[in-house]
Amino acid sequence: MPLHSPLLRYFDAVRRTGSIRAAARDLAISSSAVNRRILALEAELGVALFERLPGRVRLTAAGEVLAGHVRATLQDAERALSEIEALQGLQTGGVSVAGIEGLSVAFMPAVVATLRRRHPRIDVSFDVGGSARVVERVVAGDSDLGITFDVPRRRELRGIAQRAYPFGVVMRPDHPMAAAERLAFADLADEPLILPDPETDAGARVRAGLARLDPPARAAVRTTSFAFAKSTAERGLGLAFQTRLGLEPELASGTLVHVPLVEGEPLQQVLTVVVRAERTLPVAAATLAEILTDHLLSDAGPAP
């Protein structure tokens, strides 16, 4: 049941997708219908809200102003409907979560299983991306919750739970260093390495550690994909870098080994659940946030 003019949803869909055509697909109406409504809204306000570019659109300055209002309005409407449903004992609703790839292996399936067991009428969408994408989706209001490593300090974000995980080297169990209790970057000088995206915190940390080696270590593979790095390490093609998160099946079966990295002290990455700082979550999203926190901080979460 919409509480506001459909125009707000049409505008928000175009903003989110960056395209009239993509917004039309999301809304299940024709592109011409979406375009007519956007043009009508621009005519009513007397300003252009989108700059039309080849194959896409981009918010104008006026559009940016309206986007903040529309985002807050739609989220408030969602929260109000969720609270009304909760009063009726329905506990229905939808929750959108953005998270890093490693969460999709064991962590998020366990979270969703708990949610479905307690509240089977709440639906979940899980958007996978890098840390920067996770943060931007939460800030933009496209995801209710985000969960990622090493969240930057931003006034638009509020952390609600976090946990530190040892950062280390991933290799086959038959590798000569697999039995080590810990490793330093100097131990990796002669090894073929599977290097993570240098734009991530993990990638920057690895790059800084390896830069101090003389001669520099050899990069056998570079990748932005967690799954690719894991599979490549499992084939014995190099050593990968990450936490144990997302390696649960391989560590349990013994096909991969995780050895912590030490540089003076053990290296860690901090996994954080975030929401928009000023936002009051709808009941369904608040329920999932509580389950996420429980899994992260308790034994139900992945072992550090």
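Are F11 and F50 buried or exposed? F11 is buried, and F50 is buried too. Here, "buried" means under 20% relative accessible area, "exposed" means over 50%, and "partly exposed" covers what is in between, using a 1.4 Å probe and protein chains only.

Before going on, keep in mind that this is a predicted model, where local features need pLDDT of at least 70, side-chain atom pairs count only at pLDDT 80 or more, and totals for chains, interfaces and linings use all residues. Residues are numbered from 1 along each chain as its sequence is written, and side-chain values use heavy atoms, with hydrogens and water left out.

## The overall picture

The protein has 10 helices and 14 strands. Both are DSSP runs numbered from the N terminus: helices are H or I with at least four residues, strands are E with at least two. Along the principal axes, the C-alpha atoms fill a box of roughly 70 × 50 × 30 Å.

Of the 304 residues, 45% are buried. Take the contacts (heavy atoms within 4.5 Å) between residues at least 6 apart in sequence: 73% of them join residues at least 24 apart.

## Two aromatic pairs

Back to those rings. The structure holds two aromatic pairs. Rings of Phe, Tyr and Trp (its six-membered ring) pair if their centres lie within 6.5 Å; planes under 30 degrees apart count as stacked, over 60 as edge-to-face, and the rest as tilted. F11 and F50 make a tilted pair, 5.3 Å centre to centre with 45 degrees between the planes. This pair ties together distant parts of the chain, since F11 sits in helix α1 (residues 6–17) and F50 in strand β1 (residues 50–53), 39 residues apart.

The other pair is F149 with Y165, and it is edge-to-face: 6.2 Å centre to centre and 85 degrees between the planes. It also links distant parts of the chain, with F149 in strand β5 and Y165 in strand β6 (residues 157–166), 16 residues apart. Both F149 and Y165 are buried.

Strand β1 has a partner: four bridges join β1 to β2, and the two run antiparallel. Strands count as paired if DSSP finds at least two bridges between them. L53 stands opposite R56 in β2. The hairpin has two residues between the strands, and G55 there takes a positive phi near 80 degrees.

In a regular strand, the side chains alternate between the two faces of the sheet. Strand β2 (residues 56–59) has V57 and L59 on a covered face, and R56 and R58 on an uncovered one.

How far apart are the end C-alpha atoms of helix α5? They are 17 Å apart, which agrees with the 16 Å that its 12 residues (107–118) should span at 1.5 Å a residue. The expected span is 1.5 Å times one less than the number of residues. F107, M108, V111, T114 and L115 are the buried residues of α5. Seen down the axis, they fall within an arc of 120 degrees, so they line one face of the helix. The arc is that of the directions from the helix axis to the C-beta atoms. An α-helix has 3.6 residues a turn, so residues three or four places apart point the same way.

The cover over these α5 residues includes β3 (93–99), β4 (122–128), β5 (145–149) and α10 (283–297). Strand β3 is mostly covered itself, with five of its seven residues buried. Seven bridges join β3 to β4, and these strands run parallel. V97 has F126 in β4 as its bridge partner.

## Helix α7

Helix α7 (residues 201–211) has A202, G203, V206, G209 and L210 buried. Down its axis, these residues fall within an arc of 135 degrees, so they line one face. They pack against β8 (192–195), β10 (239–242), β12 (262–263) and β14 (268–276).

## Around strand β6

D150 lies in the loop between β5 and β6. Its phi is near 50 degrees, a positive value in a residue other than glycine. D150 counts as partly exposed because its relative accessibility is 24%. In strand β6 you will find P166, which is partly exposed with a relative accessible area of 24%.
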